[in-house]
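Here are my notes on this one, point by point. Have the model open while you read.

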Amino acid sequence: MDNYNDVKMGIRKLNLAIAITGTGKSGRGEDSYSYRFNENGGFIGVFDGYGELDSSIYDNIAGKSGGYIAGNLAAESTLRMFDNGNFTFSEMDSIKLGSDLKKYIEKLKKTIGSSEERMLLPTTASIIACDYSNQDKIFLEYLWAGNSRGYLLEKTGLCQITEDDLVEQVDPILSKEKPRVINLINGETDFKINIKTVKTHNPSLIVTATDGAFSSFSTPMEFEYALLFTLNRAKNIAQWESLLKRLISEFAEEDFTLLIAGFGFEDFKDLKHYFFDRTKAVFAEYIEPISKARENNSITEIDEMWNKYKQEYFR
């Protein structure tokens, strides 16, 4: 993330911020992201433009697809909302963001086509706003639509705060089918921005990702280990960013975007030390046994490990 030095020097609570993005093996390049921090707070957000639902090419907007345009519009709208001071850490934030998105989509539709044309302009969103103006705690606000996700990573492990908007909830371990996503931000049907607030007193990382990032790994346990393993191997933040992008790129089938911000650490060495025991524990309790279970073709063993892991993952 190109403004890390400014973040590090200017904010006492925020210690690091990284962003990675890529197209994967069959990606369309339709993901987008935005972020901003100031002395009191900030946000990170990812947006997965759904070109498979709107692949129309709009020549008067650089020949881009509807999915690409939608993802970028949502990223810019969120940035504008933050710059205008409209993150209040209340239910009004989801209402305000949803209203802004509808307004900007309608304005764009009038610019690029007639009202009779069907212009879906679909995208997901996963935004984490943070307020670190209080000396003792950090307030986090998760705003989302679709199946991009927001997480909290603490010493006790990775926790998925958001809930995927799907036609039918599926088990991430047993399901082989890609679930149908609903509640996409779009220009033709109603949608809502979900909201959930979290308060933490602990040093922690917030993580937001499009499905191309987390679904590159077969289980949530392996996604957490990817974050921790690359952190453990890195000598500095830039190298962590590079290693993590390289690892996700090896497995990604589609566009991927992932943003991370960290709070409460003295420096990068302190960050690595903080998660060192967790890294070892995830490897011993899940990664090594999963590898052996796959060698033995034992889905039951992996499912048992998932049942144990998800008690903290969905806390």
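1. In which sense do S11 and strand S12 (residues 256–263) pair, and over how many bridges? The two pair in the antiparallel sense, over six bridges. Strands pair here if DSSP finds at least two bridges between them; helices (H or I, at least four residues) and strands (E, at least two) are DSSP runs, numbered from the N terminus.

2. Before going further, some housekeeping. This is a predicted model, so local features need pLDDT of at least 70 and side-chain atom pairs count only at pLDDT 80 or more, while totals for chains, interfaces and linings use all residues. Residues are numbered from 1 along each chain as its sequence is written, and side-chain values use heavy atoms, with hydrogens and water left out.

3. Back to S11 (residues 204–209), which also pairs with strand S8 (residues 149–154), antiparallel over five bridges. Thr208 is a handy place to look: Gly150 stands opposite Thr208, and Thr208 also stands opposite Leu259 in S12. S11 is mostly covered, with six of its six residues buried (buried means under 20% relative accessible area, exposed over 50%, partly exposed in between; 1.4 Å probe, protein chains only). Ser204, Ile206 and Thr208 point one way, Leu205, Val207 and Ala209 the other. In a regular strand, side chains alternate between the two faces of the sheet.

4. Have a look at Gln160, in strand S9 (residues 157–160). Gln160 counts as buried because its relative accessibility is 8%. Its side chain makes a polar contact with the side chain of Tyr313 at 2.6 Å (a pair of N or O atoms within 3.5 Å; within protein, one must be able to donate a hydrogen and the other to accept it, and residues adjacent in sequence count only if both atoms are side-chain atoms). The Gln160 side chain also reaches the backbone oxygen of Thr162, at 2.9 Å. Leaving aside neighbours within four places in sequence, Gln160 is in contact (heavy atoms within 4.5 Å) with Arg149, Gly150, Tyr151, Tyr313 and Phe314.

5. Now the open sheet: five strands in the order S2-S3-S6-S7-S10, with antiparallel pairing. Its edge strands are S2 (31–37) and S10 (194–200), each pairing on one side only. Seven bridges join S6 (residues 125–131) to S7 (residues 138–145), and Cys130 stands opposite Leu140 in S7. Helix H3 (residues 92–112) packs on the sheet, touching S6, S7 and S10, and its direction makes about 40 degrees with that of S7 (axes are lines fitted to C-alpha atoms, for helices over the stretch in contact; angles run from 0 to 180 degrees between N-to-C directions).

6. On charges, the structure holds 10 salt bridges (a side-chain nitrogen of Lys or Arg within 4 Å of a carboxyl oxygen of Asp or Glu). Two of them are in H3. Lys96 pairs with Asp100, the closest N and O atoms being 3.2 Å apart; being four residues apart in H3, the two are separated by about one helical turn. Asp100 counts as buried at 6% relative accessibility, whereas Lys96 is partly exposed at 30%. Lys109 forms a salt bridge with Glu106 at 3.7 Å between the closest N and O atoms, and Glu106, Lys109 and Glu188 are linked in a network of salt bridges.

7. Lastly, Glu285 and Lys308 meet in a salt bridge (3.4 Å, N to O). This pair links distant parts of the chain, Glu285 in helix H7 (residues 268–295) and Lys308 in helix H8 (residues 299–313).
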